[in-house]
Amino acid sequence: MSDYTHDIIIPTINSYILQQFLPNAELIIYPDANHGAHFQYPDRFVTHTKLFLDG
């Protein structure tokens, strides 16, 4: 059985709520990307990842 069959997608609203309770949290949502943001928006994803790692 593939790992993907157990991949639960969390509703976006939960991310918004969580972000409100985490100090200094920044939420970035890629439109219509689901779990494929790094494939669908590779340039943005790399930029945001570098910002996170350098921060």
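The model is predicted, with local features needing pLDDT of at least 70 and side-chain atom pairs counting only at pLDDT 80 or more, while totals for chains, interfaces and linings use all residues. Residues are numbered from 1 along each chain as its sequence is written, and side-chain values use heavy atoms, leaving out hydrogens and water.

**Aromatic pairs**

- The structure holds two aromatic pairs, where rings of Phe, Tyr and Trp (its six-membered ring) pair if their centres lie within 6.5 Å, and planes under 30 degrees apart count as stacked, over 60 as edge-to-face and the rest as tilted.
- Y30 and Y41 form a stacked pair, at 5.6 Å centre to centre and with 25° between the planes.
- Y30 lies in the loop between α1 and α2 and Y41 in the loop between α2 and α3, so this pair ties together parts that are 11 residues apart in sequence; helices are DSSP runs of H or I with at least four residues, numbered from the N terminus.
- The ring centres of Y30 and F45 are 6.5 Å apart and the planes stand at 45°, so this pair is tilted.
- F45 belongs to helix α3, 15 residues from Y30, and the pair links distant parts of the chain.
- Through these ring pairs, Y30, Y41 and F45 are linked into a cluster.

**Accessibility**

- Y30 is buried, at a relative accessible area of 14%, whereas F45 is partly exposed at 32% relative accessibility; buried means under 20%, exposed over 50% and partly exposed in between, with a 1.4 Å probe and protein chains only.

Key. Helix = DSSP H or I, 4+ residues; strand = E, 2+ residues; numbered from the N terminus.
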